[in-house]
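Student: I'd like to learn how to read a few features off a model. Could we go through one together?

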Amino acid sequence: SNLKINKPSETRINGKYLSGGLSLYNFNNINIQNLEIENSQGEDALNIKYAKNCDLENIFIKNSKFDAIDIDSCKTTGKNIYIQNSNLSDKNGDGIDFYYTNAYLENIEVSGFKDKGLSVGENSSVSLSNSLIYNNSIGSAVKDDSCLFILDKNKFQGNDIDISIYNKKKNYGSGNLIFSKKIQDLVIKKDKYAKIFINDNNFQC
C-alpha cells in the first residue's frame, strides 16, 4: 500500500490520547510498506504500542517536530527507513525511539535530530546493519538495561556524540554496546556501569 500523510498531529478520541500522526495500538501483526509522513506536529509521526510483530519497509519521514517513530513493545523488523530533519522544527525529538522492543534494522538512515537519531531504551535490544546515522546531537543512545548490536557496514558520522551509553530511569541499569567486529573509530560517551563487548553476537541482553 502507499500512504502519504502531511502535517499530522496528536489527538484525543473518546478520551484516549493518540500521540502519533499514525497511531497503531494492540494489534497482533503490523505490516507497513511505502509510507511517507512529512511535517509531523505531534509527539510522534508514527506511534506503535503493544503489538506482537511489526514489519516496516520503505518508510520516509521528514521534518518531525518531536519523535519520528516511537515503538513500545513490538518485535520489529525495519528495512529501508529514511528519516530526515532539515529545518528548525525539531523540538528535541528522536529519529527512532524503542521501549521494551526487540528490533532488527537494515538500511536505515537517520539525520538532523537535536536529541537522538536512534534511542534504545528500557529493556530493548536492537541489531543495526548497513545503516547510516549522521548529523545528530547523539547518533544512538543505549540506556536502561538495553543492548545495541552493531553489525556490518554501519556508519556514524557528523554526530556530536556517536553513541551514548547510560542509565536514565530508576530501577534500571546502564546500557550494553556489542560490536560484531573490532570497535570502529567512534565518539562514545558512557557512564561507569556501561559495558562494551567485541565479537560477541551471542551476548544475551
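Student: Is Lys169 buried, partly exposed or exposed, and at what relative accessibility?

Tutor: Some ground rules come before that. This is a predicted model, where local features need pLDDT of at least 70 and side-chain atom pairs count only at pLDDT 80 or more, while totals for chains, interfaces and linings use all residues. Residues are numbered from 1 along each chain as its sequence is written, and side-chain values use heavy atoms, with hydrogens and water left out. Now the scale: buried means under 20% relative accessible area, exposed over 50%, and partly exposed in between, using a 1.4 Å probe and protein chains only. Lys169 comes out at 36%, which counts as partly exposed.

Student: Which residue does Lys169 form a salt bridge with?

Tutor: The general idea is that side chains of opposite charge can pair when their charged atoms come close. Here a salt bridge is a side-chain nitrogen of Lys or Arg within 4 Å of a carboxyl oxygen of Asp or Glu. Lys169 pairs with Glu122, with 2.8 Å between the closest N and O atoms. Glu122 sits in the loop between β12 (116–121) and β13 (125–129), and Lys169 in the loop between β18 (161–166) and β19 (176–179), so this bridge ties together parts 47 residues apart in sequence. As for the labels, strands (E, at least two residues) are DSSP runs, numbered from the N terminus. Glu122 itself is buried, at 4% relative accessible area.

Student: How many salt bridges does the whole structure have?

Tutor: The search finds 5. Another one is Asp152 with Lys181, at 3.7 Å from N to O. Asp152 is in the loop between β16 and β17 (155–157) and Lys181 in the loop between β19 and β20 (188–190), so that pair connects parts 29 residues apart in sequence. Asp152 is partly exposed at 36%, while Lys181 is exposed at 53%. Salt bridges with shared partners also join Asp94, Asp115 and Lys116 into one network. Within it, Lys116 and Asp115 have their closest N and O atoms 2.9 Å apart. Lys116 is buried at 6%, and Asp115 is partly exposed at 22%.

Student: What about covalent links: how many disulfides are there?

Tutor: In general, a disulfide is a covalent bond between the sulfur atoms of two cysteines. The test used is a pair of cysteine sulfur atoms within 2.5 Å, and the structure has 2 such links. Cys54 and Cys74 have their sulfurs 2.1 Å apart, and the link is right-handed, with 115° about the S-S bond. Cys54 belongs to strand β7 (53–62) and Cys74 to the loop between β8 (67–72) and β9 (75–84), so the bond ties parts 20 residues apart in sequence. Both of these cysteines are buried.

Student: Where do the cysteines of the pair Cys147 and Cys205 lie?

Tutor: Their sulfurs are 2.1 Å apart. Cys147 is in strand β16 (147–150) and Cys205 in the segment after β21 (195–198), so to speak distant parts of the chain, 58 residues apart. Cys147 is buried at 0%.

Student: Which residues lie nearest the centre of the largest pocket?

Tutor: Asp94, Asp97, Glu122, Lys143 and Lys168, out of 15 lining residues. On a 1 Å grid over the protein atoms alone, a pocket is an open set of points where a 1.4 Å probe fits, with protein on both sides within 12 Å along at least five of seven lines; lining residues have an atom within 4 Å of a point. The largest share of this lining, 4 residues, comes from β10.
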